[in-house]
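Hi there,

Here is the model I promised to pass along. Have a look at it first, and then read on for my notes.

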Amino acid sequence: MSQITQRVELPVGSMGRHASGWWGMIMLIATEGALFGYLLFAYYYLAVQHGRDWLPPVLPGWAWSIPETVVLLVSAGVVWLAERRLARDGGDLLLVVMLLVAALLGVAFLVLEVFDWASESFTPYTNAFGSLFFAITGIHFLHLFVGVLILFVLALWAALGYFDRRRTAILMTGALYWYFVSLSWLAFFFTLYISPRLSVG
């Protein structure tokens, strides 16, 4: 009796924006976006109520915040390129390198943020502005730290060959989170570093 062996590919499961993980990330981002929205509302409420009186004598500086912003935007761009590469060419060594570069740029942002905190003339205990400044940047710091861990895990999985042209949902989901924390920083950068100089409120 001859045995016929036939190679059967395992099903990929839900892919792309039909993946349950992708929708789960959308819900997480909506929740965290609400938290960030509340913090920004608190900031602008106090700015309108107190005008320039609540601002510290020395406003948050540019020396660290501009490099932070550039590093984070470049990192988001690298993640976007990694997504495009996976969809076009599948998983390969360059995909792993791109994810590692994006993660290391995220680490650079975290280091720059610590230097930024140390360089400010105010503390969380100075006044309401200081409290909100450190609350907003601190919460964003924690979110970005999680994003860096996600990127390192994605790089490891890419190195292990978990991704190809069809198996992209996990990378897309992780990239979505990274875009969220990157774009959130733009809102925080404008609010904390630019709006006080525009006399908002």
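A residue is called buried here if its relative accessible area is under 20%, exposed if it is over 50%, and partly exposed in between (1.4 Å probe, protein chains only). By that rule, buried residues make up 43% of the 201 residues in the chain.

Two notes on the basis: this is a predicted model, in which local features need pLDDT of at least 70 and side-chain atom pairs count only at pLDDT 80 or more, while totals for chains, interfaces and linings use all residues. Residues are numbered from 1 along each chain as its sequence is written, and side-chain values use heavy atoms, with hydrogens and water left out.

**Overall fold**

The chain has five helices and zero strands, where helices (H or I, at least four residues) and strands (E, at least two) are DSSP runs numbered from the N terminus. Of the contacts with a separation of 6 or more, 82% are between residues 24 or more positions apart; a contact means heavy atoms within 4.5 Å. The accessible surface comes to about 10,900 Å², and 71% of that belongs to carbon and sulfur atoms. Such areas come from the Shrake-Rupley method with a 1.4 Å probe, and for residues only the protein chains shown count as cover.

In soluble globular proteins, nonpolar side chains tend to be buried together. The largest nonpolar core in this model has 52 residues, and those with the most contacts inside it are Tyr43, Leu95, Leu99, Leu151 and Trp178. Helices α1 (20-50), α2, α3, α4 and α5 (169-194) each supply at least two residues of this core. A core of this kind is a set of buried Ala, Val, Leu, Ile, Met, Phe, Trp, Tyr and Cys residues joined through side-chain atoms within 4.5 Å. Leaving aside residues up to four places away in sequence, Leu151 touches Val79, Leu99, Ala102, Ala103 and Trp178.

**A nonpolar patch outside**

On the surface, Leu100, Leu104, Val107, Val111, Phe115 and Phe152 form a nonpolar patch with about 480 Å² of accessible area together. Patches take residues with over 30% relative accessible area and no salt bridge, joining like charges within 9 Å and nonpolar side chains (Val, Leu, Ile, Met, Phe, Trp, Tyr) within 5 Å. Helix α3 (residues 93-119) gives the most to the patch, with five residues, whereas Phe152 sits in helix α4 (residues 128-159). Phe152 counts as partly exposed because its relative accessibility is 32%.

**Charged residues**

There are four salt bridges, each being a side-chain nitrogen of Lys or Arg within 4 Å of a carboxyl oxygen of Asp or Glu. Arg85, Arg88, Asp89 and Asp92 are linked in a network of them. Within it, Arg85 pairs with Asp92 (2.6 Å, N to O), and Asp89 pairs with Arg88 at 3.0 Å between the closest N and O atoms. Arg85 counts as buried because its relative accessibility is 17%, whereas Asp92, at 24%, is partly exposed. Arg167 and Asp164 also form a salt bridge (3.0 Å, N to O).

Which residue is buried yet has no salt bridge? That is Asp116, and the nearest side chain of opposite charge, Arg197, is 9.5 Å away (Lys and Arg count as positive and Asp and Glu as negative; His and the chain ends are not counted). Asp116 lies in helix α3 and touches Trp64, Ser65, Glu68, Phe133 and Tyr193, not counting residues up to four places away in sequence.

Best wishes
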